[in-house]
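Subject: Handover of a two-chain model

Dear colleague,

Please find the structure below, followed by an account of what was found in it. I would be grateful if you would read the two together.

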Amino acid sequence: MEARSSIEAARAPGGRLDPSRPLVASSPRWGERLIQLSLALCAVISVATTTAIVISLLVPSIGFFGEVSFGDFFSTDDWAPLTADPSFGVLRPVIGTLSVTLWSLMFAIPVGLCSAIYLSEYASPRVRKLVKPILEVLAGVPTVAFGVFAVTFLSPEIGKLFPEFIKTPPFAAGIAGLAVGLLIVPIIASISDDAMKAVPGGLREGAYALGATKLKVATRVVFPAAISGVVASIVLAGSRAVGETMVVLLAAGKTPNLTLDPGASVQTMTAFIGTTATGDVAVGTIAYDTIFAVGALLFVMTFALNIFAIRLVRRFREVYE
Amino acid sequence: MLDKVADRAGKAAGGASGRAKAPGIDVSGVREAGQADRRGSMSKSDRGTIFELRDLTVKYGGTPAVKDVSMEIAAGEITALIGPSGCGKSTLIRCFNRMNDLIPSARVEGSCLYHGQDLYGPEVDPVEVRKRIGMVFQKPNPFPKSIKDNIAFGPKVLGLDDIEGRVERALHGAALWDEVKDRLDENAYSMSGGQQQRLCIARCIAVDPEVILMDEPCSALDPISTGKIEDLMMELKENYSIVIVTHNMQQAARVSDRTAFLIVELDAEERDRWGQLIEYDVTDKIFTNPADSRTEDYVTGKVG
């Protein structure tokens with residue numbers, strides 16, 4: 001307010017600023033500085049959160065590794081951290097996580113990529129405009145709904161089709177994997193579709209002009225040209241599957257079997273954290289610290305996957321700019 | 001030469017009247033003029049006719065982009081389409097290999113005969129059309145693959161044999177072999193713009209089409225690269241028929257045997273605009289003694 005009036009005062013009747021007036025700011029512009037500062041603070045929040053999470057995981061983890069050696073943690077498969085005579089070989093929950101992730105990707109990669117090719121290359125603009133938002137809404141369905149769906153629908157129905165398949169009904173890594181797969185199909189389909197849409201039309205025209213069919217253009221030109229975006233979508237989806245908790249908590253069971261068998265019940269790293277953290281483990285015990293050690297490992301795994309995916313996305317953006 | 005052309009054109013019924021009507025007339029008159037030129041050119045080519053357009057109109061979403069074009073394109077020659085921006089020359093060239101099919105709103109009316117078969121007939125498969133009629137585009141569009149794989153793509157997709165041999169012959173054919181023979185496995189994007197465009201020409205001839213369509217192939221290139229492509233076109237003429245769209249009148253004059261001149265026509269209310277074929281003749285005549293004053297104004301640089 002004050003700034004405005006001082007500018008007006010400096011104006012000659014014709015409206016032009018007096019040229020002899022010094023070229024310094026007419027006011028310190030505190031408001032602008034305040035806004036700039038608060039914008040920066042908002043940006044800092046997410047960085048600070050990440051740091052806080054790392055610290056909160058790291059401190060108890062250090063306590064944990066003071067009592068349990070790295071060797072015991074990473075290279076043995078005796079996993080019974082909550083018992084009177086505990087053992088801490090993390091291999092079983094890691095394999096459980098890998099099993100669910102593997103089966104979810106087995107489902108989501110083909111379905112997601114075929115959807116992406118359809119949306120990007122075949123669907124009319126009208127269909128694409130309709131289908132893509134629906135697909136993305138699927139990614140917003142609460143994961144607990146997917147978990148319930150897996151236990152109450154997928155598991156019994158698949159049990160009817162293949163009676164011997166599920167060892168301990170209704171829990172199985174494959175069932176949880178299928179539900180997680182449904183959850184991550186939109187990630188793969190949407191990002192891959194964007195990547196394929198970003199392939200310049202000139203490449204398609206060049207291929208068509210050689211007498212290539214639509215399928216050949218889509219699979220031999222557009223898909224390979226978008227490959228880094230496609231791989232990034234798969235890595236992001238994989239990282240989502242690794243971190244998924246609610247579905248596996250409900251559908252994968254609690255038995256830490258050391259197997260990739262889709263019909264067997266497994267305990268994933270996330271499911272272990274979820275059950276134990278909500279259970280009656282006393283704070284400060286070694287069993288309690290196990291939660292943080294497993295959490296730290298999970299964080300490192302998904303962090304590495306995300307960094308990898310971000311690099312790929314960046315590379316694929318550079319190619320055509 | 002010009003006299004002979006005029007003489008033969010005169011034998012065709014509409015020739016003289018078409019020319020008399022040509023300057024500053026309505027749409028139907030122009031159509032007649034076009035037909036007259038078509039008949040005229042029919043008798044001139046010595047290797048036959050590849051394309052025959054009859055009242056070809058292309059519409060995008062109901063609005064015509066180019067209207068009532070009738071012309072014949074001779075085999076074994078270079079035919080240039082010139083005219084100001086928006087005159088529909090790119091739209092027209094994309095009719096010859098059904099590239100307009102890729103634009104959902106495009107509709108083609110009239111007929112475009114290729115060796116007597118209508119390219120827009122109900123049984124015609126655009127993929128079959130494009131195997132015979134290749135295209136080089138305004139912006140070089142190599143695939144993000146190696147130089148070799150770019151050329152091998154067409155033969156592989158069409159299931160042709162002797163891929164290696166085809167790659168080498170195509171690169172020789174596009175005068176690119178000596179420049180790239182030691183780096184066939186490098187990415188095509190490592191080449192210069194002019195090389196990329198010659199790679200696209202090599203990619204096109206690797207599937208051995210009969211016709212090569214070129215849509216402003218040099219507009220993104222410097223004069224030296226342009227010169228190389230023009231030299232290449234003169235060589236390719238031996239084995240291929242070429243249709244080229246160009247903004248560069250000197251280029252049309254240098255390389256083409258025949259030139260078609262199109263303009264942008266406005267309707268009475270100046271609301272709709274579309275491309276119209278004004279004059280089509282041997283290139284020398286178009287540039288030295290055009291029949292239509294609008295052609296003369298354009299090629300001498302008075303307008304446009």
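This is a predicted model: local features need pLDDT of at least 70, side-chain atom pairs count only at pLDDT 80 or more; totals for chains, interfaces and linings use all residues.

What is the order of the strands in the open sheet of chain B? The ten strands run β5-β4-β1-β2-β10-β9-β3-β8-β7-β6, with mixed pairing. Two strands count as paired if DSSP finds at least two bridges between them. Helices (H or I, at least four residues) and strands (E, at least two) are DSSP runs, numbered from the N terminus.

Residues are numbered from 1 along each chain as its sequence is written, and chains are lettered from A and ligands numbered from 1 in the order in which they are written.

Chain B

Chain B has 13 helices and ten strands. Of its 304 residues, 49% are buried; a residue is buried if 20 or more other C-beta atoms lie within 10 Å of its own, exposed if 12 or fewer, and partly exposed in between, with C-beta atoms placed from the backbone. Among contacts in chain B between residues at least 6 apart in sequence, 71% join residues at least 24 apart. Two residues are in contact if their C-beta atoms, placed from the backbone, lie within 7 Å.

At the edges of the sheet stand β5 (117–118) and β6 (133–136) of chain B, each with a single partner strand, so one side of each has no neighbour in the sheet.

Strand β3 of chain B (residues 78–82) has five of its five residues buried. On one side these are B:Ile78, B:Ala80 and B:Ile82, and on the other B:Thr79 and B:Leu81, so that both faces of β3(B) are covered. Four bridges join β3(B) in parallel to β8(B) (residues 241–245), where B:Leu81 has B:Val245 as its bridge partner. Another four bridges join β3(B), also in parallel, to β9(B) (residues 258–266). In β9(B), B:Thr259 is the bridge partner of B:Ala80, and B:Phe261 stands opposite B:Ile82.

The loop between β2 (63–74) and β3 of chain B holds B:Gly76. This residue, B:Gly76, is partly exposed, with 16 other C-beta atoms within 10 Å. Leaving aside residues up to four places away in sequence, B:Gly76 touches B:Arg47, B:Lys237 and B:Ser241. The C-alpha atoms of B:Gly76 and B:Tyr240 are separated by 5.9 Å, although the two residues are 164 apart along the chain.

Chain A

An automatic or database domain assignment supplies the domain bounds; chain A is divided into domain 1 (2–67) and domain 2 (80–316). Their centres, taken over C-alpha atoms, are separated by 40 Å. Seven residues from domain 1 and eight residues from domain 2 of chain A form the contact.

Helix α10 of chain A (residues 227–243) has 17 residues and reaches 24 Å from its first C-alpha to its last. That is close to the 24 Å expected at 1.5 Å a residue, the expected span being 1.5 Å times one less than the number of residues. Because 13 of its 17 residues are buried, α10(A) is largely enclosed by the rest of the structure.

The largest nonpolar core has 163 residues. Such a core is a set of buried Ala, Val, Leu, Ile, Met, Phe, Trp, Tyr and Cys residues joined through C-beta atoms within 7 Å. Those with the most contacts inside the largest core are A:Ala150, A:Ala176, A:Ala179, A:Ile188, A:Val247 and A:Ala251. Helix α7 of chain A (residues 173–197) gives the largest share of this core, 16 residues. Beyond residues up to four places away in sequence, A:Val247 touches several others, including A:Phe146, A:Ala150, A:Ala179 and A:Leu183.

Between the chains

In the interface, 15 residues of chain A are in contact with 20 residues of chain B. On the side of chain A that touches chain B, α8 (201–208) and α9 (214–225) of chain A each supply at least two residues, and the largest share, five residues, comes from α8(A). In α8(A), A:Arg204, A:Gly206, A:Ala207 and A:Tyr208 are buried. The cover over the buried residues of α8(A) includes α9 of chain A together with α5 (126–132) and α9 (193–205) of chain B.

Yours sincerely
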